[in-house]
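Good morning, and thank you for the time. I would like to take the group through one model, from its overall form to a few individual residues.

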Amino acid sequence: MSQVPAATRTLRVLRFLAGQPDPVPLDRIMRACELPRSTTYHLLNAMIEEGFVVHLTDEHRYGLGLAAFEIGSGYARQEPLQRLARRPLATLVDTVGHSAHLAVLHGREVLYVLEDRASGRPPLVTDVGVRLPAHLTASGRAILAGLPSSQVRALYSTAGDFVDRTGRGPRSLSALRTVLSDTRQRGYATEDGEVTDGLASVAVAVLDHNQHPVAAVAVTYPEDAADATLAEAVTATATQLTSRISGIR
């Protein structure tokens, strides 16, 4: 048990480094993780030896090492998010009678990683492995609404970033910001005919332990089948997945 505090501090440092866009200096790690200089230095050296951290000597900065990437790759191979979501998604489809899917953000696109098709419903373009413009989809909007404004601005820095499918949807950063603001106020994202004419969607983000959006649960339905209970059902499913992923019971 005496090693548990050291393990906790090590994980705290790794989580901080994983959340940074670039390698960072020792002092910044100390402050962010609330650790003494000597403790931070020894932890970093231990992680360097194991390959989880690299020290950029010329820049006096520390970043994630190859071993951290390997762990991330292992996570992707095991597909724990999809495994956790499979049953709740099936239950959601049984509840609402419409097709549901799980998507993750990949650049300016959403990648659909899991889908459960409702019987007798129209075919969708959101099959597993399909990528669609994030700013047009309910799933993408649910995730983007939970990101820092600076990250959204970096993703959508030019007019060419705003592709369209049906002639509808935001065409500028200011228009997208309005959509995302509305999403945050409602607590869920929507799209209506912006991906496929005649179909609409509602989505809610799935959050990790840092309250960072890692995915989104969505239901797609015919425009004339809108139901106020859809958002409630999707929210309940996303909340369930958030609890499972973040370790909250």
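First, the basis. This is a predicted model, in which local features need pLDDT of at least 70, side-chain atom pairs count only at pLDDT 80 or more, and totals for chains, interfaces and linings use all residues. Residues are numbered from 1 along each chain as its sequence is written, and side-chain values use heavy atoms, with hydrogens and water left out.

The protein contains 9 helices and 8 strands; these are DSSP runs numbered from the N terminus, with helices being H or I of at least four residues and strands being E of at least two. Along the principal axes, its C-alpha atoms fill a box of roughly 65 × 45 × 30 Å. Of its 249 residues, 41% count as buried. Here buried means under 20% relative accessible area, exposed means over 50%, and partly exposed lies in between, with a 1.4 Å probe and protein chains only. Among contacts with a separation of 6 or more, 53% join residues 24 or more positions apart, a contact being heavy atoms within 4.5 Å.

Which residues of the largest nonpolar core touch the most other members? This core has 27 residues, and the answer is Leu92, Leu102, Val202, Val217, Val219 and Val234. By nonpolar core I mean a set of buried Ala, Val, Leu, Ile, Met, Phe, Trp, Tyr and Cys residues joined through side-chain atoms within 4.5 Å. At least two residues of this core come from each of α5 (80-96), β3 (99-106), β4 (109-116), β7 (199-207), β8 (213-222) and α9 (228-246). Another core, of 17 residues, lies apart from it and includes Ala103, Val110, Leu136 and Ala145.

Leaving aside neighbours within four places in sequence, Leu92 is in contact with Gly97, Ala100, Val217, Val219, Ala233, Val234 and Thr237.

Serine 139, in helix α6 (residues 138-144), is also buried, at 1% relative accessibility. Beyond residues up to four places away in sequence, Ser139 touches His101, Ala103, Val110, Tyr112, Ala203, Ala216 and Ala218.

Next, helix α2, residues 26-33. Its buried residues are Leu26, Ile29, Met30 and Cys33. As background, an α-helix has 3.6 residues a turn, so residues three or four places apart point the same way.

Just after α2 comes glutamate 34, in the loop between α2 and α3 (37-50). Glu34 has a phi near 55°, a positive value in a residue other than glycine, and is exposed, with a relative accessible area of 69%. Histidine 60, in the loop between β1 (53-56) and β2 (61-64), likewise has a positive phi near 55°. His60 counts as exposed at 56% relative accessibility.

Finally, serine 172. Is Ser172 buried, exposed or partly exposed? Ser172 is partly exposed, at 29% relative accessible area, and is found in the loop between α7 (149-155) and α8 (173-186).
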